[in-house]
Amino acid sequence: MANSALRARPSSQAPNDLRSFWLPFTANRAFKQRPRLIARAKDMHYYTPEGRPILDATAGLWCCNAGHNREPIVSAIQAQAAELDFAPTFQYAHPTAFEAASRLAELAPGDLNQVFFCNSGSEAADTALKIALAYHNVTGQASRQRLIGRERGYHGVGFGGISVGGMVNNRKFFGTLLAGVDHLPATYDREHQAFSRGEPDWGEHKADELERIVALHDASTIAAVIVEPMSGSTGVLAAPKGYLQRLRAICDKYRILLIFDEVITAFGRLGHAFAAERYGVIPDMITFAKGVTSGSVPMAGVIVRDHIHDAFMAGPDHAIEFFHGYTYSAHPLACAAAVATLDVYRDERLFERSKALEPVWADKFHSLRGLPNVLDIRTIGLVGAVDLAAKPDAVGARGFEVMERAFHDEGLMVRNAGDTIAVSPPLIVSEPQIDEIVQKLGNVLKRVA
Ligand SMILES: Cc1ncc(COP(=O)(O)O)c(C=O)c1O
């Protein structure tokens, strides 16, 4: 569909044809009847093509932890684009890739020192699962092929990720998925956990289900367990107190690898560089994405403990040790963006800021309790969620209406996962802006019957 008028127009103008873009994870027909268009951004705000400000209470999509269009990040990307557009990382490399990897290794806890880059959280999850399987192969434990995920978990949309994931709509349309996968039960139980601030007191024992799975299949068949320290996409479910520590202990007992999917919990969302630190647990691998470049250029990866990486470093020198990678693994623009973003996090002490704001955020966010249809409110780090009662014959309709009205009526961006409203502002959010988020969301909740 050649359209020179479209090509010539400045990027901030509204498009004149909405037909061809099939939006991901979106109610496309509703969107195209009443689009929610974003043309530019700065710091805590998006702006519509007409210039209307939208307060970003979602960091884009859990991405822009440093805020939007930050000058040091923009400049680094521009400079890198002018110097090196692309270099392969299969058999070659460029210096910024090593710099980005070293910076991430420095930030990661314990001996998590080896970084395998990819481009999305989905690729990171699949990469971690493949490293786990291959690790057991190269260490002579090839019978360890089972992968264990968790109900209500989200690990992206690749076949590995949806197999270990536990969100039914992401799975039920796509056939039989990977074989040999089992799931831990979800940790959320409203009856015991409603209106939690931080990690719920109840639910540590849910980790013991791993013992049941081991008893069923035998440890010699299990390669890895993958969980999010806090499940975001499924509606903000924090791990109960003691749960992750107990999971680590059981994995250690049976020599099962433990993978933390930190695609949204890394880079300050829970007050630390990685949520693993918050829990004092060192997993065998951490997946990351999103916040690593504050959303500015796609980048993701897996951080791996030394001994796992080292187990691959065998055989003749000319031989490839791990048959996996992506054309754009460690793309120069992404690496430059990552280094600049990590500088911003460090120089502005944004992880510490997030930690200091957590109690303030929790107090203000929980003030939404008692508004119409609110069944539960959860907060942890700089994250909040409101569960709304579903409309009798239209699950998800109320959550959708809140998201839509927040944008159009209040100039506020929130996310809805069904009837749960999830909020996760950039870590630069000020206290008055937290008040504004809560006020605007409260206004919408009062209006949506
Ligand atoms: C925990 C987790 N893993 C993986 C992903 C997938 O990331 P992507 O959409 O970049 O593939 C997400 C996305 O939100 C996520 O929250």
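Trainee: In which hand does α16 cross α17, left or right?

Mentor: This is a predicted model. In it, the crossing of α16 with α17 is right-handed. Helix α16 covers residues 397-410 and helix α17 covers residues 431-447.

Trainee: What angle do their axes cross at?

Mentor: The axes cross at roughly 120° and come within 10 Å. That angle is why α16 counts as oblique to α17.

Trainee: Which residues make the contact?

Mentor: From α16 there are Val402, Arg405, Ala406, Asp409 and Glu410. From α17 there are Lys440, Leu441, Asn443, Val444, Leu445 and Arg447. By class, five residues of this contact are nonpolar, one is polar and five are charged.

Trainee: Switching to the ligand. Which residues come nearest to it?

Mentor: Ser120, Gly121, Ser122, Gly156 and Val263, out of 15 residues around the ligand.

Trainee: And which helix gives the largest share of that shell?

Mentor: Helix α6, residues 121-138, with three residues. The shell as a whole has six nonpolar, seven polar and two charged residues.

Trainee: Now the four-strand sheet. What order are the strands in?

Mentor: The order is β1-β2-β3-β15, in an open sheet with mixed pairing. β1 (40-42) and β15 (412-413) each have a single partner strand, so one side of each has no neighbour in the sheet.

Trainee: How do β1 and β2 run, parallel or antiparallel?

Mentor: They run antiparallel, and three bridges join β1 to β2, residues 45-47.

Trainee: What stands opposite lysine 42?

Mentor: Histidine 45 in β2.

Trainee: What do strands of a sheet pair through?

Mentor: Backbone hydrogen bonds, either parallel or antiparallel.

Conventions
Residues numbered from 1 in each chain as written. Predicted model: local features only at pLDDT ≥ 70, side-chain atom pairs only at ≥ 80, totals over all residues. Near = placed C-beta within 6 Å. Helix = DSSP H or I, 4+ residues; strand = E, 2+ residues; numbered from the N terminus. Nonpolar A, V, L, I, M, F, W, Y, C, P; charged D, E, K, R; others polar. Axes fitted to C-alpha atoms, helices over the stretch in contact; angles between N-to-C directions. Parallel < 35°, antiparallel > 145°, perpendicular 65-115°, else oblique. Left-handed = near helix turned anticlockwise from the far one by under 90°. Contact = placed C-beta atoms within 7 Å. Pairing = 2+ DSSP bridges.
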